[in-house]
Amino acid sequence: MCDGVPDDIVEVRDLVVRFGDFTAVDGISFDVRRGEIFGFLGPNGAGKTTTIRTVTTIQKPTSGSVTIDGHDTEDDYIAARSCIGIAQQHISLDKDLTVRQNLRHHAMLHKIPRSEMTERIESTASILELGDYMDRRIENLSGGWKRKASIICSIIHEPSVLFLDEPTAGLDTRSRHMLWDLVRMLNRRGTTIFLTTHYIEEAESLCDRVAIINRGRLVAMGTVDELRAMVGNVTVDVTDHEGRVTKHHFPDREAARGYTEGLDFFFNVRRTTLEDVFLELTGEGGLA
Amino acid sequence: MTNPLTILDETYRVAWGDLCYLRGNVVEVLLTGLVGPILYLLAFGYGLGGSMEGGSSEYLAFIIPGIISLATLSGTFSTVAMKILVQRLFYMSFDELLLCPVHITSVILGKTLSGVIRAVVCCTVIMGLGCILSPSVEFSLGAMGVVVLASLTFSLFGLLAGMVTNKTQKLSLFTSIVIVPMTFLCGTLFNVSALPAFAAYVVYLLPLTHVSQLVRGFMLDTGIPLDSVAILLAYTALFFGLCYWMIKTHRC
């Protein structure tokens with residue numbers, strides 16, 4: 001674990017990442033608080049992966065700064081990296097090696113003392129019951145087990161903050177729920193989680209706070225309740241005579257009831273979901 | 001200033017994964033490294049040399065150091081370049097490595113180590129074989145030193161190529177226009193003085209020429225060209241510097 005004590009474990013300031021004329025990340029700033037599960041939500045191509053790659057030092061920013069646990073990722077990259085664990089969107093393990101060899105290699109690269117290494121490997125692997133798969137080569141594992149092995153490798157050095165880039169993409173429902181349980185368990189053990197996803201229910205179910213990014217810009221950040229309040233806590237789905245559904249958001253049920261009185265269409269009044277917020281903030285004509 | 005022992009320790013940690021693969025596939029790795037040089041030895045040493053006036057023995061003594069030099073290139077470049085390309089583009093494990101708390105120098109040396117080991121083992125086998133086949137050829141520690149330096153140089157070159165290219169086809173192109181011409185023109189199979197003046201000047205600028213001259217100088221005891229030592233060291237520094245810059249500026 002790292003020694004730093006700031007409340008915010010990740011601080012991103014005015015981050016810009018350009019590839020030629022294309023601006024992938026356009027001046028975003030945010031903090032991730034120690035001990036929370038922070039969701040980073042956005043549609044495909046919004047800049048989530050570029051942001052996570054820059055924050056974790058893989059990608060060089062065009063401008064702006066990032067600090068991890070008080071360490072600047074440009075000037076003090078070795079200290080910053082020692083606080084980070086990352087499971088990338090694509091499985092980034094050496095597929096020629098077994099799960100055990102990959103774990104050992106990660107442990108060595110993170111300078112875990114030789115005397116602790118075997119025990120650490122076994123205890124970390126047991127979290128996801130990898131036992132039967134430890135001596136199989138990565139290329140011979142199914143997608144779900146590859147993903148689990150990847151996450152286990154990323155936590156072998158007990159990082160202060162774990163970055164998960166779309167960890168459940170392409171997984172079946174059972175594996176997805178198993179990974180959600182793992183994320184919650186790691187968080188309970190004190191690991192801050194930075195999670196990018198485009199599954200709304202994943203963010204809603206797991207995250208303490210959520211940031212929404214669209215076209216490289218941060219359009220909203222807060223708890224799910226705070227985000228819900230931004231667009232209106234109550235949503236009315238109105239279905240017209242041709243079957244088209246439109247959503248209308250209201251601050252409370254009172255206001256929604258006023259709207260629906262005398263309405264000549266089918267309608268449904270319900271609590272606003274994070275998906276409604278997401279669509280409102282990232283869709284055409286939204287608050288963004 | 002970082003402690004050199006820290007760099008050495010980190011280099012081993014970085015190389016461990018590749019060394020694991022090397023250990024698990026030692027026969028395959030050595031066979032692929034030795035087949036080419038042994039074919040050169042048979043085809044040129046005996047085939048071509050045998051048809052020369054006075055027999056093959058003199059030519060054999062000439063090309064054994066050349067083939068050893070060639071093995072430092074063939075045993076390292078393509079192995080390291082392809083491994084890095086695959087780890088960068090297909091396995092994504094190179095990104096993972098760059099996220100670890102190790103120095104850039106350690107990453108560079110670690111990723112070249114398996115290439116260096118493979119080339120040194122292959123060259124040692126060929127050198128031993130050469131000493132048996134030709135009485136004029138001597139086993140030389142100096143030549144082994146050159147082999148280690150040349151293997152490092154060409155491994156760094158492979159690392160650079162693996163970081164610069166984004167397609168396997170581009171790497172093949174790189175091999176066709178840089179590596180293959182060097183293989184045949186750099187004094188490995190014939191004396192560069194036989195080339196036209198302009199071609200000899202161009203060939204003089206290529207690193208394999210100097211590896212050939214140095215290995216030949218040590219093994220046949222024909223004198224050590226110091227300019228070749230300087231040029232080889234300059235290439236090593238250049239390739240290392242370019243690799244460092246590529247990683248430092250996140251260009252790979």
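Axes are taken as lines fitted to C-alpha atoms, for helices over the stretch in contact, and the angles between N-to-C directions run from 0 to 180 degrees. In the predicted model, helix H6 (residues 173-188) of chain A lies across S3, strand S7 (161-165) and S8 of chain A, and its direction makes an angle of about 155° with S8(A). Helix H8 (residues 224-231) of chain A lies across S9 and S10 of chain A, at about 115° to S10(A).

The strands named above belong to an open sheet of six strands in chain A, with the order S6-S7-S8-S3-S9-S10 and mixed pairing. S6 and S10 of chain A stand at the edges of this sheet; each has a single partner strand, so one side of each is left without a neighbour in the sheet. On average, neighbouring strands of the sheet are turned by 15° against each other, direction ignored. Strand S3 (residues 37-41) and strand S8 (residues 192-197) of chain A pair in the parallel sense, over five bridges. A:Leu41 has A:Thr197 in S8(A) as its bridge partner.

Chain A as a whole has 10 helices and 13 strands. Along the principal axes, its C-alpha atoms fill a box of roughly 75 × 40 × 35 Å. Chain A has 288 residues, of which 45% count as buried. Among the contacts in chain A with a separation of 6 or more, 66% are accounted for by residues 24 or more positions apart.

The domain assignment of chain A gives domain 1 (8-223) and domain 2 (227-282). The C-alpha centres of domain 1 and domain 2 of chain A are 35 Å apart. The contact between these domains takes 11 residues from domain 1 of chain A and seven residues from domain 2 of chain A. On the side of domain 1 of chain A that touches domain 2 of chain A, the elements giving two or more residues are helix H7 (200-206), strand S9 (209-214) and strand S10 (217-222) of chain A. By class, the residues on this side of domain 1 of chain A divide into eight nonpolar, two polar and one charged.

The contact between chains A and B takes 23 residues from chain A and 18 residues from chain B. On the side of chain A that touches chain B, helix H2 (77-82), strand S6 (84-87) and helix H3 (99-109) of chain A each supply at least two residues. The largest share of this side, four residues, comes from H3(A). The side of chain A that touches chain B has eight nonpolar, 10 polar and five charged residues.

In chain B, B:Thr2 lies in the segment before helix H1 (4-24). B:Thr2 counts as exposed because it has 11 C-beta neighbours inside 10 Å, and the cut-off for an exposed residue is 12 or fewer. Leaving aside neighbours within four places in sequence, B:Thr2 is in contact with B:Ile7 and B:His103. B:Thr2 and B:Phe239 are 237 residues apart in sequence, with a C-alpha to C-alpha distance of 21 Å.

Definitions and conventions
Residues are numbered from 1 along each chain as its sequence is written. Chains are lettered from A and ligands numbered from 1 in the order in which they are written. This is a predicted model: local features need pLDDT of at least 70, side-chain atom pairs count only at pLDDT 80 or more; totals for chains, interfaces and linings use all residues. Two residues are in contact if their C-beta atoms, placed from the backbone, lie within 7 Å. Ala, Val, Leu, Ile, Met, Phe, Trp, Tyr, Cys and Pro count as nonpolar, Asp, Glu, Lys and Arg as charged, and the others, Gly among them, as polar. Domain bounds come from an automatic or database domain assignment. A residue is buried if 20 or more other C-beta atoms lie within 10 Å of its own, exposed if 12 or fewer, and partly exposed in between; C-beta atoms are placed from the backbone. Two strands pair if DSSP finds at least two bridges between them.
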